[in-house]
Amino acid sequence: VSCTHCPGAIERLAARRAASQSATRLYVVLMDSEDDMAALSSPHHRLADRLFAFHGRAQSLQYAVKPDWRGMTPYIAYIDGKSAARFVLGEPDERTLASWLKGKK
């Protein structure tokens with residue numbers, strides 16, 4: 001919620017996914033949401049297929065996801081269910097994003 005770069009990243013990922021007609025799902029994880037209803041009504045959050053909001057210590061969630069993640073955002077993960085998740089700090093470059101949208105790692 002407090003990330004200044006995340007709304008734009010979500011919007012660009014959603015637009016790129018729509019343009020490619022990919023079946024890839026977009027999940028957004030909020031680690032600092034104090035007001036779930038406000039988060040749900042946010043235009044960029046509504047672009048997500050699913051929105052997860054966590055309360056409590058963000059550092060604990062970050063460590064559980066990836067122990068060496070130090071909380072920089074946006075932090076984007078590609079999860080295909082077949083192999084280990086691939087993480088990108090910031091937005092993935094065009095080549096990586098195109099590969100992800102085609103369902104390739």
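When I say that two residues touch, I mean that they have heavy atoms within 4.5 Å of each other. With that in mind, and remembering throughout that this is a predicted model, let me begin with Glu11, which is found in helix α1 and which, leaving aside residues up to four places away in sequence, touches His44 and Leu47. Glu11 has a relative accessible area of 40%, so it is partly exposed. The C-alpha atoms of Glu11 and Gly90 are separated by 13 Å, although the two residues stand 79 residues apart along the chain.

Helix α1 also brings us to the largest pocket, because among the elements of the lining it is α1, with six residues, that gives the most. The volume of this pocket is about 1300 Å³, and 45 residues line it, with Tyr27, Val28, Val29, Tyr75 and Ala77 lying nearest its centre.

Let me turn now to the aromatic rings, for which a search of the whole structure finds four pairs. One of them joins Tyr27 and Phe52 in an edge-to-face arrangement, with 5.9 Å from centre to centre and 75° between the planes. This pair links distant parts of the chain, since Tyr27 sits in strand β1 and Phe52 in strand β2, 25 residues apart. Tyr27 is partly exposed, with a relative accessible area of 40%, and Phe52, at 26%, also counts as partly exposed.

Another pair, formed by Tyr75 and Phe87, is stacked, with 5.3 Å centre to centre and 15° between the planes; here too distant parts of the chain are linked, with Tyr75 in strand β3 and Phe87 in strand β4, 12 residues apart. Tyr75 is partly exposed at 21%, and Phe87 counts as partly exposed at 25%. Ring pairs link Tyr75 and Phe87 with Trp69 into a cluster.

Finally, two points about the backbone. What is the peptide bond from Thr73 to Pro74, cis or trans? In this model the bond is cis, with omega near -5°, and Pro74 has its place in the loop between α3 and β3. The other point concerns Gln21, in the loop between α1 and β1, which has a positive phi of about 55° although it is not a glycine. Exposed means over 50% relative accessible area, and Gln21, at 72%, therefore counts as exposed.

Key: Residues numbered from 1 in each chain as written. Predicted model: local features only at pLDDT ≥ 70, side-chain atom pairs only at ≥ 80, totals over all residues. Heavy atoms only, no water. 1 Å grid on protein atoms, 1.4 Å probe; cavity = no way out; pocket = protein on both sides within 12 Å on 5 of 7 lines; lining within 4 Å. Points joined across faces, edges and corners; volume = space filled by probe spheres on them. Helix = DSSP H or I, 4+ residues; strand = E, 2+ residues; numbered from the N terminus. Buried < 20%, exposed > 50% of the residue type's maximum accessible area, 1.4 Å probe, protein only. Phe/Tyr/Trp six-rings, centres within 6.5 Å; stacked < 30°, edge-to-face > 60°.
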